[in-house]
Amino acid sequence: MHSYDYAVILAFFALVLLPAPWLGRFYYKVMEGQRTWLTPVLGPVERGCYRLAGVDAREEQSWQKYALALLAFNLAGFVLLFAVLLLQGYLPLNPAQLPGQEWTLAFNTAVSFVTNTNWQAYSGEASVSYLSQMVGLTVQNFVSAATGLAVLVALCRGIARRSAATLGNFWVDMTRATLYGLLPLCLLLALFLVWQGVPQTFAQYAHAVTLQGADQVIPLGPAASQIAIKQLGTNGGGFFGVNSAHPFENPTAWSNLFELASIILIPVALVFTFGHYVKDLRQSRAIVACMLALFLIGGATSLWAEYQPNPSLNNPMVEQTAPLEGKESRFGTTATVLWSVTTTAASNGSVNGMHDSLNPLSGMVALVNMMVGEVIFGGVGAGLYGMLLNVLIAVFLAGLMIGRTPEYLGKKLQAREVQLLVVTLLVMPVGVLVLGAIAASLPGPVAAVSNPGAHGFSQLLYAYTSASANNGSAFGGFGANTPFHNLMLGLGMLIGRFGYILPVLALAGSLAMKKTAPVGQNSFPTHGPLFVTLLTVTILLVGGLTFLPTLALGPIAEHLSMGF
Amino acid sequence: MNMPIPVAKPAGKKRAAGVKEQPATSIASLWRPALVQAFVKLDPRQLKRSPVMLVVELTAILTTLLCLLPDTAVPTGVAVQIALWLWFTVLFANFAEALAEGRGKARADSLKAGSQGLNAMRRKASGEFEVVAASSLRKGDVVRVVAGEMIPGDGEVIEGIAAVNEAAITGESAPVIRESGGDRSAVTGNTRLVSDWLLVKITANPGESTLDRMIALVEGAKRQKTPNEIALDILLIGLTLIFLLVVVTLQPFAHFANGSLPLVFLVALLVTLIPTTIGGLLSAIGIAGMDRLVRLNVIAKSGRAVEAAGDVHVLMLDKTGTITFGNRRCAAVHAAPGVSSKELAEGALLASLADDTAEGKSIVEYLRQLHNFNEPDAALMTPVAFSAETRLSGVDYQGRVYRKGAVDSVLAFVGQQRLDMPASLSREVDKIAQSGGTPLLVCTQGRLLGVIHLKDVVKPGIRERFVELRKLGIRTVMVTGDNPLTAAAIAAEAGVDDVLAEATPEKKLARIRQEQNDGRLVAMCGDGANDAPALAQADVGMAMNDGTQAAREAANMVDLDSDPTKLLDVVQIGKELLVTRGALTTFSIANDVAKYFAILPALFAAIYPQLGVLNIMQLASPQSAIVSAIVFNALIIVALIPLALRGVRVQAASAAHLLRRNLLIYGVGGIVVPFVGIKLIDLLLNAVHLV
């Protein structure tokens, strides 16, 4: 690694960690309807939205009503997107005259964007019109991220409120999250990207004649606006097929750095938002510390693995540096590895290199990041509510050991909460292991795998993990666009999204109703190094115990077979 | 102090004393019946209460069947060993539960024996009495009990007064007085009348009596699970489900890699991964906790209350009897100006000689140590007892009137105003009051002699207990009818955190509600009928056995020894119960790490021999690795039985300290111990050529 590599790493952390506390406070104020410097501009728009939709901003909802509103909204979004993708051939803004998608692919794509997964079984420039990109996919990029944020604030309120029956208003939370939380930042990033050379145009695909005299079609489109929300909203669905490895999607070192930082900026900020909700920023710092610890463990492992010489090329005649196969030489090893770790830690799923080509151990880091449930920063809102579930599990497991009924921030964890926690614990095993096992035991679906042996297994495992974790990144080398995988992965994404959201909302409702015991010397300490260690170990233990056997058959076996 | 009056030892005494000495029923005498019970409990209908162990039993049955189907990959000898150890795992868990039950049952059985074939005289509608079986009595029935008979059930005295020997329940041989009305009207079934007769209204249906509750708490099959136990059960079921998915999906994944995994090994993997250690001991921990309570002579109406005791934030303790000895004692006397100390001492002695109360006796005792008196013959004195009207007591002796009493009463008696009192005496009175004591004035012939300083004596050791409680984050509130000044002085001496002075039942109830509204859990004890609402409101309410039936019904615990200090022990037991469960859960889950390192390389040896790198324990062969893991998994249950029955000690320390300590022992220990254990078992198995 060169000094440039270290500079990239430092710049990345600075860009994320420095503004996060400020941004977190801003999100708190915005979501609680307090006045911010944006209120004079966006306030009238916000009120206009409520008037138009007939929403009373002061009306609060119980968790059931909140969940129902959320489901209805997501269902409507799915139906709309599904229809647009099926019918895009008949709709305007389709200069490349792309036909409608095949129905299982349309289903998969629609589910994928509604669930903030952005798994792409299609290639953007080859099968999605400008209209589908803008009206269909980009809209879902915004609202799926806003949905995650809404669920998170509902949970925050559940923990912070005492003896309360309501969690807020879903419509209001969605409006505020989109309007204040996502749009302004996206506007800034999109402008920055346009400056760096990302296209933003309705013009037709450009035609060029190469030096050899061959005709080349160069896809264009309104890319910058979609890429901004793709990164900031932890969506990850690229405008172009190869995502941020494409020179139009990620043209320069600066665009690479800012796109990279955008992936986890909001997830980190939201941890501080939580601290403001519970009026105790020590909780935020503990959670960020745990996330950072997990991130650094994964990052260091990945970097180390990518800089190892390949044993199969162990020949004095071959001079080896870090392998570059599957990476953009524009970005180099460090920036690619950093992206692969970040995009899988936060459920983003955009890539700037091919994960299929990573060394087995770095591929495993990407897998583990997702397998622990996308809680290392994670998706917008989704990452933190997933992390809070882990916090509750850690508190319940170890909390008894102080001789009290386990309590988190004064809220008792009882049978109902544990029941809901167990449901969320089952999501990843069901999505990855059960769906993956079904796919692995049928001859048709198995054919999607392009490599034999352990690496092939990693490809399959990665696809089902990515879908269930709502990450959406692809390992590559996996022919996902078959009716079977489209439907199964779609199912995985639905389980991975709503298998968390519904229990989390129920949990929020149940916690809100409880009294809050005073937090003092005899309360379970949920800040400080001891708890950070406990939480980190709990996450690794729960994830590790669930997935170690499968990892042994995939990346671990591959790593050992390669003679590393 | 109230010394028990010696009485002729009643017939029940011997057995009762045997019961009281619980250690006699040691583990050694219990293990034989527990062994039998371990097999009886294999019945799936019983095991259903412990889902993790039910899964183990099902896998044991499956493995036993698989032994009959030869598999080339697994030698039959190994399969048989695995099947055997799976059965042992279930048996060990059953044994732990049976052992825990045995201790409580031994006591319950001896109590039950007393009620066999008991008859009762029930009053008919016509007013006549008829003989019926005690077991047929219903709530509301009225029975007549005479000296020498057993009281047939829990009830309330509606007529009569009698001495009752409650040794069978409390182990205390001194009979207690039970009478209708007032605060001493409740009687307990299976206690013996030693004098007179009583008319008792039965207040419990069969199966709901104190005795029944006691038995129910310590019997595995009938015991109601406590809230935390239910929550933990759900988590254990969840973990079991996850590991079931992990193991079931391994076969298709192995097929994908062109391999196949022997079913017996997969079963072994499943059983080692699911939390069998805590799953097997959970019930034993709960029963043993309740048994510790029963041995303290506290009957909880449900396990829920015991757990709540561990969670308590605030202890409301009555000053009298809990923090101080029940009565005030003479600490000093101060003479009025112009009165010699000898004169005062004589006056005070005479005014107290006829006073039978503990306070009066303490004055006499104190003065006798101070001076040598020629005490007058009792026959020559005319005692004047305390009356509600005069609020004075004393004697008339040789035509002289000696009186003592509260300041206002004596002043009224001698016809003086407070302002007329000599300044130095007035100051002394104030000083005593401010220090929390009670000033009693002594007078003779209309002249004030001086003041007696009566003082509450704080129980030795109580201050240290409060310090411990504070370390655990529990606040103590002293409840007293005293004025705020007096209360504050005692509070400072005893080291309580807060005081509720001039307490009335209403104020007590309001305070509990206020604490609860702030999210705190409150424990208290009480005995009077007017304590009932507060006892019912408190999260943990402990009634005294010699209290009223109303209090006993409102409370969720009854202390048979009527010792309010025991509330502190109950808190301790509640905490130990929770810590023990938490510690073993953590231990159980942490164990899985080592088991993976033992089993995974063995399991995948045929598919990816490279994974042998993971065999960091260097176990001899795949078979020995798997058998060692399963043997460890079974033996660790046995090894932890003593801990489960005894409970993890809870030190007085902050939550952070307790957490760090227990995480180190049971978390880190849980990761390390199986690495060592499995390796040792592997060495042993190979040494004796079992695999």
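Which helix of chain B holds B:A98?

## A buried alanine in chain B

B:A98 lies in helix α5 of chain B, which spans residues 76-115. The model is predicted. B:A98 has a relative accessibility of 5%. The cut-off for buried is under 20%, so B:A98 counts as buried.

Its contacts come from elsewhere in chain B. With neighbours within four places in sequence left aside, B:A98 touches B:A34, B:Q37 and B:K41. B:K41 is 57 residues away along the chain, yet the two C-alpha atoms are separated by 8.5 Å.

## The seven-stranded sheet of chain B

Chain B has an open sheet of 7 strands with mixed pairing. The order is β10-β22-β21-β20-β11-β18-β19. Strands β10 (298-300) and β19 (498-500) of chain B form the edges, and each pairs on one side only. On average, neighbouring strands are turned by 20° against each other, direction ignored.

## One buried face on α17(B)

Helix α17 of chain B covers residues 462-471. In it, B:I462, B:F466 and B:L469 are buried. Seen down the axis of α17(B), the buried residues fall within an arc of 60°, so they line one face of the helix. An α-helix has 3.6 residues a turn, so residues three or four places apart point the same way.

What lies over these buried residues? The cover includes β11, α12 (319-323), β17 (447-458), β18 (475-479), α18 (484-494) and α22 of chain B. After α17(B) comes B:G473, with a positive phi near 85°.

## Antiparallel strands in chain B

A further open sheet in chain B has 3 strands, in the order β6-β5-β8. Its pairing is antiparallel. The edges are β6 (176-179) and β8 (192-193) of chain B, and each pairs on one side only. Strand β5(B), residues 161-165, is joined to β8(B) by 2 bridges. There B:N165 stands opposite B:R192.

Strand β14 of chain B, residues 392-397, is mostly covered, with 5 of its 6 residues buried. It pairs antiparallel with β13(B), residues 381-384, over 4 bridges. B:P383 has B:V395 of β14(B) as its bridge partner. β14(B) also pairs antiparallel with β15(B), residues 400-406, over 6 bridges. B:S393 stands opposite B:K404 in β15(B). The hairpin of β14(B) and β15(B) has 2 residues between the strands, and in it B:Q398 takes a positive phi near 50°.

## Helix packing in chain A

How far apart are the axes of α15(A) and α17(A)? Helix α15 of chain A (residues 415-441) packs on helix α17 of chain A (residues 453-468) with axes 9 Å apart. The angle is about 145°, and the crossing is right-handed. From α15(A), the residues in contact are A:M428, A:G431, A:V432, A:L435, A:G436, A:A439 and A:A440. They meet A:L460, A:L461, A:Y464, A:T465 and A:S468 of α17(A). By class, this contact has 8 nonpolar, 4 polar and no charged residues.

Helices α14 (residues 382-399) and α18 (residues 483-513) of chain A pack at about 60°, with axes 11 Å apart. Here the crossing is left-handed. A:A382, A:Y385, A:L389 and A:L392 of α14(A) meet A:R497, A:Y500, A:I501, A:V504 and A:L507 of α18(A). The tally is 8 nonpolar, no polar and 1 charged residues.

A:A437 sits in α15(A). Is this residue buried or exposed? A:A437 is buried, with a relative accessible area of 5%.

Leaving aside neighbours within four places in sequence, A:A437 contacts A:V432 in chain A, and B:T249, B:P252 and B:F253 in chain B. A:Y464 is 27 residues from A:A437 in sequence and 9.7 Å away in space, C-alpha to C-alpha.

How values were computed
Residues numbered from 1 in each chain as written. Chains lettered and ligands numbered in written order. Predicted model: local features only at pLDDT ≥ 70, side-chain atom pairs only at ≥ 80, totals over all residues. Heavy atoms only, no water. Pairing = 2+ DSSP bridges. Axes fitted to C-alpha atoms, helices over the stretch in contact; angles between N-to-C directions. Left-handed = near helix turned anticlockwise from the far one by under 90°. Contact = heavy atoms within 4.5 Å. Nonpolar A, V, L, I, M, F, W, Y, C, P; charged D, E, K, R; others polar. Buried < 20%, exposed > 50% of the residue type's maximum accessible area, 1.4 Å probe, protein only. Arc of directions from axis to C-beta.
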